Amino acid sequence: IGERVDYISLSFVESAEPVIACKQLLRERGSNILIISKIESAKALTNLHEICSASDAVMIARGDLGTAIPFEQVPTVQEKIVNLCRSLGKPCLISTHFLESMTCYPTPTRAEVADITEAVYQGADALILTSETASGRFPFRSLSTMHAVTKRIEEHMADRKLAQKVVKQPSVLKMKHATNTTAFKSTFIAEKLASSAAVLSDQRNAKAILVFTQKGLMANLLSRNRPRAPIVAFTAAPAIRNKLSILYGVRPLQITFLDNSEDTIQSAFNELKLRKVVEKGDMVVVVADVLGGTKGSPKEDIEIVFEEFSRGSGVISQGRVRAALRRLGLKVSDAVEAALGMRDFDLEESTRMELAASKNTTAAPVEQTVDFQRFCQYVEEATEVVHTLQLRCVE
């Protein structure tokens, strides 16, 4: 926690209990570190669904797993776990033995290349080198070999228009919000928007998909649909930028969110042109929430939402204000939302001050909690949120 790592990996997870216990310990200490559960025992396979549901990401540790089950079952078990993770919207990482021969030799075996290829076809989010880079003689060559193979296979899939196997996907948050109609409706819309963005991108051969995200949910949903175009996820929070790095096809970038959504989008275009990701005339898909519709919300609804989020304490933590506003179907400016979210990410003070010092940011002074009166002020300033899916030409 003191080093502010992005993920903690739990070894030999065999049920959801240790994952839940670790998460509770982290939250009690004010940390937002995410949990990766390593699947490396036969018992874990019997509790696979509950482990994946409780975890933030899953790693298939094939070294130990291969000794716990018959070796001929490893490929099919690997595919099963990848598909389950995709259906639950959880990143899936595969590790061990991808380029084992390169711990001693400068070139891979053809069987190792075929192994990497199969993992790419299955749709894993990330592939991990272990001994190749930890103790091998050719760590950099191993990394470049892995990159070359995965890139070539993905290009081959795009050239032949081979869509990765479609996985029937129930709502990612269906069980979590089963008793909350408003929250379920919001996440249902987000899922459909992400699916439509992926289809539109593939049909129009878009150069990239741009998504603006505060918490990373929309980037995760887009990645889950495996579009052919790269997903460029813009966020104001360095912690979220780092955590998005393991998602399939996602290139996270930090950007200052401005008061006007269109200004933020134009700033993103300029950043991508500077990085030579896109150029003038390219078609891109943009997924963004903008301000529109009516302002405010009925007082009765405000009281219900405030009571739900405060849990009888009379205050809401500032990091939860954005979620409470979204529960009402409202949105404040991107800049204010980013300032609110910063308190929730447990960033270094210097990072928060850097954002607050920006002349384009209207960050409020740090407030640990928000009472009902202050929450009502946020509601008065907020406007009905409009989810947009745009096909735009880079100018």
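What percentage of the residues in the chain is buried? Buried residues make up 49% of the 395 residues. Buried means under 20% relative accessible area, exposed means over 50%, and partly exposed lies in between (1.4 Å probe, protein chains only).

The model is predicted: local features need pLDDT of at least 70, side-chain atom pairs count only at pLDDT 80 or more, and totals for chains, interfaces and linings use all residues. Residues are numbered from 1 along each chain as its sequence is written, and side-chain values use heavy atoms, with hydrogens and water left out.

**Overview**

Switch to cartoon. The chain has 17 helices and 13 strands. These are DSSP runs numbered from the N terminus: helices are H or I with at least four residues, strands are E with at least two. Now consider contacts, meaning heavy atoms within 4.5 Å. Of the contacts in the chain with a separation of 6 or more, 70% join residues 24 or more positions apart.

**Stop 1: the largest core**

Select Ile 39, Ile 81 and Phe 98. They have the most contacts inside the largest nonpolar core, which has 40 residues. Such a core is a set of buried Ala, Val, Leu, Ile, Met, Phe, Trp, Tyr and Cys residues joined through side-chain atoms within 4.5 Å. Helix α5 (residues 74-88) gives the most to this core, with seven residues. Zoom in on Ile 81. Not counting residues up to four places away in sequence, Ile 81 touches Ile 39, Leu 45, Leu 48, Val 58, Ile 60 and Cys 92. Another core, of 21 residues, lies apart from it; Val 211, Ala 229, Val 285 and Val 287 are among its members.

Arg 62 lies over the face of Phe 98, 4.2 Å from the ring centre. A charge sits over a ring if NZ of Lys or CZ of Arg is within 6 Å of the ring centre and within 35 degrees of the ring normal.

**Stop 2: a buried lysine**

Select Lys 38, in strand β2 (residues 34-39). A salt bridge needs a side-chain nitrogen of Lys or Arg within 4 Å of a carboxyl oxygen of Asp or Glu. Leaving aside neighbours within four places in sequence, Lys 38 contacts Ser 9, Leu 10, Ser 11, Phe 12, Val 13, Met 59 and Ala 61.

**Stop 3: salt bridges**

The structure holds nine salt bridges. Select Lys 23 and Asp 56 for one of them: the closest N and O atoms are 3.4 Å apart. Lys 23 lies in helix α1 (residues 17-28) and Asp 56 in the loop between α3 (48-54) and β3 (57-61), so the pair ties together parts 33 residues apart in sequence.

Next, select Arg 327 and Glu 308. Their salt bridge is 2.4 Å, N to O. Arg 327 is in helix α14 (residues 321-327) and Glu 308 in helix α13, so this pair links parts 19 residues apart in sequence. Arg 327 is buried at 16% relative accessibility. Glu 308 is partly exposed, at 35%.

Then take Lys 331 and Asp 334. Their closest N and O atoms are 2.5 Å apart in a salt bridge. Lys 331 and Asp 334 are buried. Asp 334 is also among the contacts of Ser 261, along with Asp 289 and Val 290, leaving aside neighbours within four places in sequence.

**Stop 4: aromatic rings**

The whole structure has four aromatic pairs. Rings of Phe, Tyr and Trp (its six-membered ring) pair if their centres lie within 6.5 Å; planes under 30 degrees apart are stacked, over 60 edge-to-face, and the rest tilted. Select Phe 306 and Phe 372. This pair is edge-to-face, 5.2 Å centre to centre with 80 degrees between the planes. Phe 306 is buried at 6% relative accessibility, and Phe 372 is partly exposed at 25%. Elsewhere, ring pairs link Phe 212, Phe 234 and Phe 257 into a cluster.

Finish on Arg 374. Its charged end sits over the ring of Tyr 378, 4.1 Å from the centre.
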